[in-house]
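The sequence and structure come first.

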There are 4 protein chains.
Amino acid sequence: MARVLMKGNEALGEGAIRAGCRYFFGYPITPQSELPHYLARRMPEVGGVYLQAESEVAAINMVYGAASAGARVMTSSSSPGISLMQEGISYLAGAELPCVVVNVMRGGPGLGNIAPAQSDYFQAVKGGGHGDYRLLCLAPSSVQEILDLMALAFELADKYRNPVMVLGDGILGQMMEPVELSPYSGAAELPPKPWATTGTLGREQRNVINSLYIEPEELERVNLRLKAKYQRMEAEEKRWETYALDGAELVLVAFGTMARVARAVVERLRAEGQSAGLIRPVTLFPFPEAPFREALSRARAFLALEMSLGQMVEDVRLAVEGRCPVYFYGRTGGMVPTVAEVVEFAKEVVKGL
Amino acid sequence: MARVLMKGNEALGEGAIRAGCRYFFGYPITPQSELPHYLARRMPEVGGVYLQAESEVAAINMVYGAASAGARVMTSSSSPGISLMQEGISYLAGAELPCVVVNVMRGGPGLGNIAPAQSDYFQAVKGGGHGDYRLLCLAPSSVQEILDLMALAFELADKYRNPVMVLGDGILGQMMEPVELSPYSGAAELPPKPWATTGTLGREQRNVINSLYIEPEELERVNLRLKAKYQRMEAEEKRWETYALDGAELVLVAFGTMARVARAVVERLRAEGQSAGLIRPVTLFPFPEAPFREALSRARAFLALEMSLGQMVEDVRLAVEGRCPVYFYGRTGGMVPTVAEVVEFAKEVVKGL
Amino acid sequence: MARVLMKGNEALGEGAIRAGCRYFFGYPITPQSELPHYLARRMPEVGGVYLQAESEVAAINMVYGAASAGARVMTSSSSPGISLMQEGISYLAGAELPCVVVNVMRGGPGLGNIAPAQSDYFQAVKGGGHGDYRLLCLAPSSVQEILDLMALAFELADKYRNPVMVLGDGILGQMMEPVELSPYSGAAELPPKPWATTGTLGREQRNVINSLYIEPEELERVNLRLKAKYQRMEAEEKRWETYALDGAELVLVAFGTMARVARAVVERLRAEGQSAGLIRPVTLFPFPEAPFREALSRARAFLALEMSLGQMVEDVRLAVEGRCPVYFYGRTGGMVPTVAEVVEFAKEVVKGL
Amino acid sequence: MARVLMKGNEALGEGAIRAGCRYFFGYPITPQSELPHYLARRMPEVGGVYLQAESEVAAINMVYGAASAGARVMTSSSSPGISLMQEGISYLAGAELPCVVVNVMRGGPGLGNIAPAQSDYFQAVKGGGHGDYRLLCLAPSSVQEILDLMALAFELADKYRNPVMVLGDGILGQMMEPVELSPYSGAAELPPKPWATTGTLGREQRNVINSLYIEPEELERVNLRLKAKYQRMEAEEKRWETYALDGAELVLVAFGTMARVARAVVERLRAEGQSAGLIRPVTLFPFPEAPFREALSRARAFLALEMSLGQMVEDVRLAVEGRCPVYFYGRTGGMVPTVAEVVEFAKEVVKGL
């Protein structure tokens with residue numbers, strides 16, 4: 001196990017390689033370009049395929065193809081590009097195909113800018129595409145966690161036959177941190193996928209990958225099966241981290257880059273004698289209500305922090321169910337709240353309780 | 001004022017024409033095809049343009065162009081096609097361009113089927129595209145209301161310089177009902193749009209339509225201006241209808257086609273002596289909390305009804321804030337809950353209170 | 001009849017408008033952009049439609065649509081964009097649809113540059129698309145002739161139900177010359193098109209526009225009908241201009257911009273006592289052999305001049321049939337032969353006879 | 001060396017594999033689909049990549065990318081699909097990139113049908129794309145020759161850094177014939193490509209692949225270099241086969257499938273005492289004039305035979321230069337001339353001499 005310095009965008013790529021991902025299809029967009037650059041170099045080294053498609057629409061449909069054939073496959077983009085993939089993502093979910101989609105979020109809406117943001121939370125978590133479907137959604141907040149969650153992402157994608165979205169932002173992508181890296185032989189042991197369309201050699205049955213079900217009764221059966229799967233995810237896959245939550249009266253809630261700021265805020269508040277703690281959801285869907293329930297016994301207020309105008313705060317409100325006031329502080333358009341301004345806001349909240 | 005029989009899909013088209021819409025760009029998809037068929041014939045009659053684009057991606061970007069030039073313009077599609085438009089919709093919102101997008105929802109996810117559904121609620125209301133933006137979202141539940149809301153849709157789009165989504169489904173599109181139709185001269189009086197890119201004849205300043213703001217400070221200013229606009233919508237544009245709500249202990253909540261079933265359910269329940277009422281949101285964003293607050297004084301339970309696995313129910317829970325139990329009943333994949341099955345479910349709910 | 005100064009690119013647009021063209025679909029590319037700019041302004045003035053498509057592929061297929069419905073329609077592009085239209089052009093020819101395609105040629109191959117060239121002769125005349133088809137191809141060499149040939153182009157397109165290509169280059173497009181322009185009322189009298197897909201109101205039969213004929217026997221019948229049409233073009237539509245051809249021993253052959261240089265060369269040579277003349281094909285397909293036959297009685301050599309490495313020269317050789325030597329002089333990549341260098345080359349040719 | 005039975009379409013694929021081709025990009029179209037099917041299975045076996053692109057436009061641009069990086073790469077399509085590739089092919093020629101494009105021709109123009117044809121000769125040989133460029137064009141007429149010419153195609157592509165087109169038709173693709181097949185180890189020794197964009201590891205200079213030359217002087221230099229290359233092809237690469245040409249008074253000319261019919265015609269004619277022979281061009285560009293010159297000493301007429309309305313016949317006329325009459329017989333739209341009808345036509349020709 002070696003300790004090496006690594007960039008977030010590289011960790012997204014290296015994590016995918018080590019998870020056995022051998023196919024990358026994408027179209028360039030800032031601020032995630034170092035990830036495809038990394039994979040353009042790295043994929044051939046492990047016998048994998050890196051392909052720049054004609055567009056994001058083309059890329060996500062190539063993901064559909066490779067996933068159908070049983071490969072571990074990913075794409076990556078940033079906000080506008082992810083919007084272009086929404087039809088494809090809904091198809092992947094409908095056809096129950098495992099894949100990983102990385103969104104290194106930037107300022108929006110529209111062309112926006114290339115600064116870091118978290119304003120695609122709704123799109124990722126509530127479903128940017130059509131129909132009743134859910135993405136498993138992971139939000140790392142350090143370079144080491146990127147490596148770990150990329151492995152988890154591919155594992156969960158296969159376990160549930162469902163697309164997994166990894167949400168990052170430009171700060172996380174550019175950030176350089178030391179990580180533990182075991183030697184990597186290049187081998188990848190993939191789970192068997194007896195459902196994949198790999199030809200009928202050695203089996204009787206013809207596999208079909210499809211999301212078309214003409215009869216409503218049949219499509220409803222499929223949707224109920226999907227629903228059961230999402231409920232299983234809710235039962236088994238909620239992940240979160242807490243910091244100083246025990247006995248906290250003010251509970252901050254933040255994910256990804258914002259959680260790093262939030263942790264510093266908690267430290268500052270506690271240093272000043274305030275009873276503050278932090279819940280950091282690692283899975284955004286399924287959203288972890290458990291720590292909220294636990295915190296509710298002592299909490300006098302929740303404060304959702306986001307690099308957006310307020311999206312995750314809805315899930316916080318749904319988790320809190322009106323049993324405690326929920327506040328929101330956020331910046332938007334690529335602005336990142338500073339520790340100082342959040343501390344000040346938090347003190348105002350506490351004062352008002 | 002004449003009383004004529006009209007189909008829902010035709011009413012979507014005729015309503016647009018009478019609202020002064022003179023540009024339609026789209027790509028065919030069932031179950032909304034009668035709308036473009038109608039406009040393909042009707043547009044030339046009023047000097048308008050009907051154009052079938054290469055794809056939904058092309059169509060929504062043509063909407064962007066026509067809206068930039070100040071025209072009243074619309075597109076229409078069904079679920080998968082609307083997913084393909086998510087990047088464009090985010091651009092329209094970011095550039096503050098008025099337009100109307102009709103989604104005649106079908107069963108999803110993926111290819112799904114062509115049966116009626118309401119499972120694109122999240123996409124329409126929470127934002128299927130990237131970034132902090134909101135669509136005004138209208139949900140008619142009769143042919144007459146389609147005519148009225150199409151007029152309102154274009155009016156609100158211009159008033160707020162924001163895309164407006166009209167959510168329907170295949171039942172509503174196929175339904176034939178009598179409507180009041182005044183004679184139509186073909187004239188259309190449009191509000192002045194001094195911001196439009198119509199050339200600089202007669203003015204000094206060069207208009208720019210754009211959603212790119214490189215500096216985060218600048219993009220944040222834009223987003224805060226957009227936020228103020230969305231708050232103005234929340235203050236001024238919430239629309240809903242209630243039925244038998246006064247004193248109701250069981251409050252049904254449903255929109256669109258589902259609200260027609262819900263009303264029959266309320267009638268049946270009341271006939272059997274149950275104290276039931278109905279809230280029908282007409283605007284899905286902004287979501288009307290007022291009737292919920294009003295109902296909470298007597299209500300012992302809310303029951304959200306949807307042709308999906310449960311999406312609007314989240315907004316109901318957010319409106320109710322844990323002060324009362326919220327139940328859900330829905331069918332998915334193109335199945336429509338019948339009056340009988342909802343009545344039975346409602347009785348179970350009441351029994352359990 | 002007014003005498004006004006006009007640019008070549010404007011004349012292409014104005015000529016189209018006056019010919020009753022009311023639909024333009026295109027995608028921008030230098031050096032023809034002033035033509036779409038002109039039409040973007042002019043089309044709305046005459047109730048026409050100007051639309052910038054997603055790509056050249058989209059544009060040419062929109063031409064297919066409008067032509068099917070009986071409209072006078074055109075597109076315009078420059079070399080690489082015209083290459084992208086080859087499938088569509090073959091479809092238009094196969095479905096016998098009238099339309100006008102303008103190619104303002106630039107330096108190639110590939111991206112090349114934006115300087116004037118004539119190196120798409122083969123593509124235009126021999127068929128850049130697949131299958132046995134022919135384009136009527138017109139090559140103006142002055143601004144006045146552009147106006148005249150645009151009128152002719154639409155007329156011939158309708159007469160033969162065939163796409164007509166108008167070949168120009170950047171010099172011709174930028175050139176400003178006085179033209180005769182009659183007042184224009186905006187009215188356009190179009191020939192009846194009983195074959196167009198305009199709906200079945202007022203007729204029994206359902207019109208079909210199609211280029212698919214599964215049975216080879218049937219497709220051969222279609223192709224033989226097309227062949228008869230091309231032969232009729234060859235019989236009726238050959239157009240050319242000669243200059244000082246009578247008794248010329250050295251016969252220059254050139255079209256478009258190159259013909260202007262060639263004429264100056266002839267003048268210079270004759271001033272120096274050389275017996276030189278010029279054949280300027282105005283139609284490139286059908287290629288006018290008649291003046292060659294006529295010239296052969298006295299000619300001792302032909303000299304094909306092109307802004308390419310030699311393409312039309314093949315048709316010259318086919319016309320001359322070995323009965324006289326055929327020389328070639330050309331520049332390529334956007335270079336235009338000067339009078340001086342052609343005169344020098346011509347003298348060498350004469351010396352060698 | 002084993003003697004095995006093989007289909008033409010399979011031979012196209014196997015020939016490519018053995019020539020070291022490891023990248024195939026394409027989009028499905030009848031009647032060449034067995035070729036991509038074959039490669040979809042075969043490519044992974046040799047560590048190669050088979051990718052179905054979004055469209056033919058996407059496919060040819062992927063060929064551009066892989067060729068830039070020095071790979072042996074091919075695409076394949078049928079007539080309409082090849083038309084869509086014309087821009088890309090011109091770019092490949094302009095950037096001097098080696099690749100192989102297979103066209104299994106079908107009936108045209110437009111959608112046409114899926115029956116065999118030779119009506120894309122002009123497109124292939126005269127240049128379907130824009131600009132002064134040439135494709136090396138090979139026309140096999142047996143399954144064994146397919147195998148041999150695929151090897152040659154990749155070799156010549158690399159030798160000249162130029163796209164090579166292999167022209168076939170549906171009959172050739174479906175035909176099953178015995179071929180000599182040596183054992184294949186899977187190894188592929190490729191020529192060094194020091195110009196390829198493979199990264200700068202181990203060299204100083206940065207390679208650039210490009211077809212943009214803003215300055216006409218520079219683009220002309222490039223075009224003159226290309227011209228010299230085409231002249232070298234004309235000097236070194238002309239290939240043809242003759243049959244019974246010695247002393248033939250009637251010289252048939254045909255390529256590909258048509259040459260098989262032509263050979264049977266010659267046999268029949270000679271059996272009946274007619275002095276007939278055959279020239280079969282194997283390279284269509286460069287077109288082999290040598291056998292024509294040789295045949296002219298005895299020939300009294302040439303008869304070009306094509307599965308088209310007459311395209312190669314122009315090159316025959318250019319080769320014969322009026323020194324002998326040139327006749328044409330062809331069928332079109334997917335019809336194939338039979339031996340009997342050609343014999344009859346040939347006799348008429350002879351009678352008329």
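Predicted model: local features only at pLDDT ≥ 70, side-chain atom pairs only at ≥ 80, totals over all residues.

On the side of chain B that touches chain C, β3 (49–52) and α3 (56–68) of chain B each contribute at least two residues. That side of chain B is made up of 6 nonpolar residues, 1 polar and 1 charged.

The contact joins 8 residues of chain B to 8 residues of chain C. About 540 Å² is buried between chain B and chain C, and carbon and sulfur atoms account for 72% of that area. Within chain B, the residues that lose the most area to chain C are L51(B), E54(B) and M62(B), which together make up 66% of what the chain B side buries.

The other interface lies inside chain A. The domain assignment divides chain A into domain 1 (2–236) and domain 2 (241–351). Domain 1 of chain A puts 33 residues into the contact, and domain 2 of chain A puts in 26 residues. Taken over C-alpha atoms, the centres of these two domains of chain A are 28 Å apart.

Between domain 1 and domain 2 of chain A, about 2400 Å² is buried, with 57% of it on carbon and sulfur atoms. The residues of domain 1 of chain A that lose the most area to domain 2 are Q118(A), Y121(A) and F122(A), together 30% of what that side buries.

How many salt bridges does the rule find across the interface of domain 1 and domain 2 of chain A? There are 3 salt bridges across that interface. A salt bridge also links the side chains of D315(A) and K126(A), at 2.6 Å from N to O. Residue pairs in polar contact between the two domains of chain A number 16, with both residues at pLDDT 80 or more.

Several elements of chain A each supply at least two residues to the side of domain 1 that touches domain 2, among them α7 (143–160), β7 (163–169) and α9 (216–236). The largest share of that side, 4 residues, comes from α6(A).

| Interface | Buried area | Salt bridges |
|---|---|---|
| Domain 1 and domain 2 of chain A | about 2400 Å² | 3 salt bridges |

Definitions and conventions: Residues numbered from 1 in each chain as written. Chains lettered and ligands numbered in written order. Heavy atoms only, no water. Domains from an automatic or database assignment. Contact = heavy atoms within 4.5 Å. Buried area = accessible area lost by both parts, 1.4 Å probe. Salt bridge = Lys/Arg side-chain N within 4 Å of Asp/Glu carboxyl O. Polar contact = N/O pair within 3.5 Å; in protein donor to acceptor, adjacent residues only side chain to side chain. Nonpolar A, V, L, I, M, F, W, Y, C, P; charged D, E, K, R; others polar.
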